Amino acid sequence: MTGLRVALVVGGVHASEQVIQIRQGCQVVVGTPGRILDFLKDRIMSLVWAETLVIDEADRMFDMGFIDDIHKIIGHLPEARQTLLFSATIPPGIKSLMKKYMNKPETYSTSSGLSTVTEIQQSYREVDFRGKFDELRRIIDKHPDETIIVFTNTRRQAIDLDRMLWGYNYPARALHGNHDQETRFKVLESFRQNETRILVATDVASRGLDVEDVNLVVNFEVPIDVESYVHRIGRTGRASKTGEAITLVAGKEMTTWRRILKSTNFEIQKGKRTSRGSRRDVKVSASSSSSSSSSPAPETSGRGGGERSSEGGDD
């Protein structure tokens, strides 16, 4: 559409250029909640004439703790407006948002009836909870030169798993909802440049992740629903390339996994546990000592001789 004036209002960069865009007049504002609230508070912009509100990746907003900011922004909008909400999943918090601010909303789903491309080889393995980490290491050892995304269900698990992998000298980094935009960019750029070969990620943090050369996706935890499963495995097998997706299923997770199997028409093979490859079991600790033990790494471990940060949430 020609002639449409759009202003970008985001944090992490100097606001001066953004202020100029707003004061010159615009028809569309694309922004992050924090910077928009700052501009509203400083009366740099007003939303009293806004006709449409679009909330993109609403579940990610909720996961990252931005939902209160969204409530405040909506308070600056006229009641007579159109509200569009885009979300990969609809958790209870998002349903509450819809009920409070939307008038008889219509729901459209693009996930039902999805079929994945044949280039993705899908399988699952039944393991016990205590053996999951060892099985993950075996899988990684079988793919020594490939890029891998390991998915978890929570930030806490992503952080812990990242530390454990580094404790055994695997080049991994975590990507989760507590990362600010700058940290997220650095992690993704490191992964794209193959400086980091293993990315441990939550569903929400990986939303919009566009890396063509991901060879393998491992679901360390069974996703909560079929939509999340489709989104996860879709990170591999892109641009007409082949890919592989492996799901580790343990204990009570089998109930959810059976529901996913039943809800899809995908060909998902039951695989056997991977035999140990040739990699030595080198465990790196803060004191740089090594061990041949296959037990989980300690809670804190060295990364390249430095200390690891303890960022993350409690979920």
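Reader: Into which classes do the residues of the lining of the largest pocket divide?
Author: You get 22 nonpolar, twelve polar and seven charged residues there. Ala, Val, Leu, Ile, Met, Phe, Trp, Tyr, Cys and Pro count as nonpolar, Asp, Glu, Lys and Arg as charged, and the others, Gly among them, as polar. Bear in mind that this is a predicted model: local features need pLDDT of at least 70, side-chain atom pairs count only at pLDDT 80 or more, and totals for chains, interfaces and linings use all residues. Residues are numbered from 1 along each chain as its sequence is written, and side-chain values use heavy atoms, leaving out hydrogens and water.

Reader: What makes something a pocket here?
Author: On a 1 Å grid over the protein atoms alone, a pocket is an open set of points where a 1.4 Å probe fits, with protein on both sides within 12 Å along at least five of seven lines; a cavity is a set from which the probe cannot get out, and lining residues have an atom within 4 Å of a point. The largest pocket has a volume of about 1600 Å³. Of its 41 lining residues, V29, V30, G31, T32 and I36 are the closest to the centre. That volume is the space filled by probe spheres set on the points, which are joined across faces, edges and corners.

Reader: Which elements each supply at least two residues of that lining?
Author: β2 (28-31), α2, β3 (52-55), α3 (58-63), α4 and α8 (181-192) do. Helices (H or I, at least four residues) and strands (E, at least two) are DSSP runs, numbered from the N terminus.

Reader: Why is the crossing of α2 and α4 given a hand, and which one?
Author: A crossing is left-handed if the near helix is turned anticlockwise from the far one by less than a right angle, and right-handed if clockwise. The crossing of α2 and α4 is left-handed. Their axes come within 10 Å and cross at roughly 35 degrees. Axes are lines fitted to C-alpha atoms, for helices over the stretch in contact, with angles from 0 to 180 degrees between N-to-C directions.

Reader: How do you know which residues of α2 and α4 meet?
Author: Contact means heavy atoms within 4.5 Å. By that rule, P33, G34, I36 and L37 in α2 meet D69, I70, K72 and I73 in α4. This contact has five nonpolar, one polar and two charged residues.

Reader: Is R184 buried or exposed, and how do you know?
Author: Buried means under 20% relative accessible area, exposed over 50%, and partly exposed in between (1.4 Å probe, protein chains only). R184 has 10%, so R184 is buried. You'll find R184 in helix α8. In strand β7 (residues 172-175) sits A172, and at 0% A172 counts as buried too.

Reader: What makes α9 count as largely enclosed?
Author: Six of the eight residues of α9 (residues 226-233) are buried, so the rest of the structure largely encloses α9. Those buried are S228, Y229, V230, H231, R232 and I233.
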